Amino acid sequence: MSAVTGRRLVVLRASGALALLLALAAGIPGLRGAGVGARWRSLRDRVQRLEARYHVHRGHEALRRGHDRLAVREYQAAMASDPAQEEPSLHLADVYKRLADSAAPRDPLRREQLRRAALCLHRAIEGGGAPTPALRRLVQLYGPDGLDTPAGMEWALRRILQTGESLPDESLALAHLYDRAGMDREAEATLLAARRAHPDAGAVHRRLATFYRRREDRRAALAVLESWLARNPDDREGALALVMGLWDLAARDHEAAAETRTRHVRDALGILDRLLATGPPEPALLLYRSVFLRLAAAGAEPGKRRDELLAEADALRQRGRQLSRPAPPRPPPGSGAP
Amino acid sequence: MDPASSAHDVVPGPPLVPRFGRLSRMTVALSPLVGDVLAGAVAAGLFLLAAAAALVPRLESAFGAPGPAVAASVAPLDLLPGARPVAVHATESWEKIPLRVTAEDLLEDPTLWNRMNFDDWDRIPDPLRTQGLERLVTRHGRAAAGEAAWESMTAADWDRVPQPIRAMAVILLAEYWTAHYGLGIGHGIEPRVAADTLAALLMSESWFEHRAVNVDINGNRDLGLPQLSDYARTVLDRLHRRGWLDFRLREEDYFNPWFAVLAGAVWLDLMLDEARGDVELAVRAYRRGIAAARRGDGGPYLEKVAERRDRYIRGHGVSPTWDYLSRRLRGKRRLPAGATAKEGGVTGPASAQPRGREQETRARPLVNAS
């Protein structure tokens, strides 16, 4: 072995040792106490994710510069690098949605962009992460202002309900879809399930009452409202709905016994008293109290008591009309129909 | 060193790694170099690995900077046009009550429809108003479908018919009974004039409220669409007993528009007879009685009836709701000018069916009936 070769070997050995030292100094945390293979795979995954994030980053930059199409390519590359990541799918769906929004309403391209956005969201949902955000956006995409596909909306809403992270609104929207499709049983089941899932959501109880009212099942509607208000007497909207239901029974149910109608009047006046005592004097409350007082006066014997009822009704009507005057829009000129 | 002896020294020696033969021998010969290179490569690899491992978190944080916010999802109910809030007015006991409902309520809720009169619908912006009115027509159009439907409807059935549809049905009922009983024909009054006057009169009396009851200071009660007084109802009863009328109404029948408009038509016919065909005098007499009308009473009432007849019953453009429903429900059923009972081609209801020939059994002129 020549002297030159020997020096090279020394240098090589020294550099190898130095590299080894550096490697140890860098301290690969993952190599301690774990299998190298597993850590290698972990590192490889992280690098893949890093690559995806790099593309997402570039996609964001492209968006900031207003280059939507470049952003689309970058997000697509990110999705290819790491299919499990939701973020690029969501952003890509956003870009497609924005492209669709910039197209004319009847442009076939608009629908195509919306469809692509929906596909991205489906992919994000299938990715297996938390699907709720993507599902919520999918609901929007399938909505009347998007692809206008009630079946798609229904699918997404049902998936959201299955996640157990649903909001009352989502149950109400699903019930609304069933309602519109004439699927009464499904609508009712959805609302009943929503009531179990969100027992404190007044909107759900009110909507269930509305469901029954629309089917002219007044008793069921009133039962729902009464049970809700027994626990939540401060729900003014629900209380007003109950008062309106009582009005129907007291003033429009001509086949009901006089005592029954009188009881409904008394109940309604009790509710209105409480609402007016605990909150602002809303015109609807004042005016309903006024008409209920007139109804009570009609059933009372002529005399002082009846005169008092009528006088109070007049005063309430006056006040209610004053308060409601600025609110309602004026009817178009010339419309004075009965 | 002699190369030959050196080769001789190597060849006879025992193989260091006998099993791997020549390759092994070469490896052994090169082992110092290969070992160093391998060690260097492994070290470099480890270095790169370590560097990557150290770099990845930094890069992750560098590329993990938040991008543009992902568009927030809209509350699903806000997406649905039917769930959007709408301000409406309900009419309860003639009182206008402001309410907030959803568009869907307006399209689907029959209890809301029962609270809304023409002017309440007029306030709803189009196309929602048209959609809602179309739902009304679909659901309650039967009330304007003609005698077969009217005959089968009870007062309770009419309770479920919203006021705008009921109004159109009442106008059609006025046309029907005008044709059926030949209202005013004996005095040469055109059926169109008679029917329109009757409809305007019913409108002025009850505003199309079939359950209307008005109790005066003496306790007398005016009932139903024609607001016939105790006296008028007694007179109709008496005429029936004498065989001059082919129907007799119970008090509750006055709340059923089918019978109530019939009673109103017959009473107006009696007034026309009293007024000897003077329509204006008959209208004032309907309100004030013939004696007071002859003294000149009932002028303001006549003006109201005439105005409503011209603006609503005959007119259009006064209310978009009225126009729409009038077009949808009355469009093809307008009584032609000069039509007679025969031309009308109508038959009486089973419950009020004339026992003999219709023209002979209809209300006769009653001089001094009031």
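Me: Is A:Glu216 buried, exposed or partly exposed?

Reply: This is a predicted model, in which local features need pLDDT of at least 70 and side-chain atom pairs count only at pLDDT 80 or more, while totals for chains, interfaces and linings use all residues. Residues are numbered from 1 along each chain as its sequence is written, and chains are lettered from A and ligands numbered from 1 in the order in which they are written. A residue is buried if 20 or more other C-beta atoms, placed from the backbone, lie within 10 Å of its own, exposed if 12 or fewer, and partly exposed in between. Because A:Glu216 has 14 C-beta neighbours inside 10 Å, its class is partly exposed.

Me: Where in chain A is the place of A:Glu216?

Reply: The phi of A:Glu216 is positive, near 60 degrees, although the residue is not glycine. Helices are DSSP runs of H or I with at least four residues, and strands are runs of E with at least two, numbered from the N terminus. A:Glu216 belongs to the loop between α10 (202-214) and α11 (218-231).

Me: Why do the buried residues of α12(B) line one face of the helix?

Reply: The buried residues in α12(B) are B:Ala232, B:Arg233, B:Leu236 and B:Leu239. They line one face because, seen down the helix axis, the directions from that axis to their C-beta atoms fall within an arc of 120 degrees.
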